[in-house]
Amino acid sequence: MFVLVLCEEWTRSNTAVLERVVDIINEAYTYGEGDIFQEGFQRTTLDEIKELACLGSLLLLGKDENEECEENIIPKQNLSVIDLKEEYRRNYGVVPTGGKVSPDAIIGCIKLVLHGPKPQEQFPVTGYTSSTSDHLLTLNQLKRGEVGMFAICKGVRGQGLGQLLFDVAQQRAKELGCDVCELQLLYPKNRAHPIKDRLRKWYTRNNFSVVARADFEAMFPRIVGLIQEPVCFDIYHKKLK
């Protein structure tokens, strides 16, 4: 089992792998929130995934050749985390062995995007405060590692692989100096949603807590018209320091 932290050099010659990532994400989000959006809505595109990969903001979970993902048997101690940018530097631009993977080897992904601190910028959130090192800071004064586009391949869900990848992303955010790890949850305002309810409980078990309710329309004006019903959009944080 391995996690690849992508980089621009690797991205140029691995379009087929990125296409696989697009399919995994879009299938997972259709399963998880397709009933909230209009039919045919796609969570991401190849161009967006390429951009994230080039920025080093995309982590892929893969299985080694002939490795089986057996229920409740997740070899965490054997997990290799490969930062391809560092591999390229060490190998003077030569494609590292760890970067040569087939599309079928990829079984999950998560983005990790760094934000702030940017005290002068206004984030479209009302009533936000958070505590870091006993000081109240506004959202834009925190260095945040935002995780999202979190998806595991349909055939291997429910085996602990999501937790494995989630833990790697949080650890990387901490290593990069983030004050908090951030995630967001979109859910219907006027009805229960079993999958979203399950996610909410899972986030809580992972020590995330709601710090604000964001203005979804202000943050994502491009897709507001594709939503079929009123929604809420909560921001969760987990302190890393």
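Analyst: Glu27 and Arg157 form a salt bridge whose closest N and O atoms are 2.3 Å apart, a salt bridge being a side-chain nitrogen of Lys or Arg within 4 Å of a carboxyl oxygen of Asp or Glu. Glu27 lies in helix H2 (residues 15-33) and Arg157 in the loop between E8 and H5, so the pair ties together parts that are 130 residues apart in sequence. Here helices (H or I, at least four residues) and strands (E, at least two) are DSSP runs, numbered from the N terminus. Glu27 is partly exposed at 30% relative accessibility, and Arg157 is partly exposed at 27%; buried means under 20% relative accessible area, exposed over 50%, and partly exposed in between, with a 1.4 Å probe and protein chains only.

The model is predicted, so local features need pLDDT of at least 70 and side-chain atom pairs count only at pLDDT 80 or more, while totals for chains, interfaces and linings use all residues. Residues are numbered from 1 along each chain as its sequence is written, and side-chain values use heavy atoms, with hydrogens and water left out.

A charge sits over a ring if NZ of Lys or CZ of Arg is within 6 Å of the ring centre and within 35 degrees of the ring normal. Another arginine, Arg43, lies over the face of Tyr29, at 5.4 Å from the ring centre.

A search of the whole structure finds eleven salt bridges. One of them joins Glu146 to Lys111, with the closest N and O atoms 3.6 Å apart, and this pair links distant parts of the chain, Glu146 being in strand E8 and Lys111 in strand E4, 35 residues apart. Both Glu146 and Lys111 are buried. Asp179 and Lys241 form another salt bridge, the closest N and O atoms being 3.5 Å apart. Asp179 lies in the loop between H5 and E9 and Lys241 in the segment after E11, so that this pair ties together parts 62 residues apart in sequence. Asp179 is buried, with a relative accessible area of 13%, whereas Lys241 is exposed at 55%. Salt bridges that share partners also join Asp35, Arg191 and Glu229 into one network.

The structure holds ten aromatic pairs, where rings of Phe, Tyr and Trp (its six-membered ring) pair if their centres lie within 6.5 Å, and planes under 30 degrees apart count as stacked, over 60 as edge-to-face and the rest as tilted. The rings of Phe150 and Phe166 have their centres 5.4 Å apart and their planes at 15 degrees, so this pair is stacked. Because Phe150 lies in strand E8 and Phe166 in helix H5, the pair ties together parts that are 16 residues apart in sequence. Phe150 counts as partly exposed at 22% relative accessibility, while Phe166 is buried, with a relative accessible area of 1%. The rings of Phe150 and Trp202 have their centres 5.9 Å apart and their planes at 20 degrees, so they too are stacked; this pair links Phe150 in strand E8 with Trp202 in helix H6, 52 residues apart. Trp202 is buried, with a relative accessible area of 16%. One aromatic cluster is formed by Phe150, Phe166, Trp202, Tyr203, Phe208 and Tyr236.

In soluble globular proteins, nonpolar side chains tend to be buried together. In this model the largest nonpolar core has 31 residues, of which Leu59, Leu61, Val147 and Leu161 touch the most other members; such a core is a set of buried Ala, Val, Leu, Ile, Met, Phe, Trp, Tyr and Cys residues joined through side-chain atoms within 4.5 Å. The elements that give two or more residues to this core include strand E8 (144-152), helix H5 (161-175) and helix H6 (194-205), and H5 gives the most, with seven residues. Apart from this core lies another, of 26 residues, among them Leu4, Val22, Ile25 and Val113.
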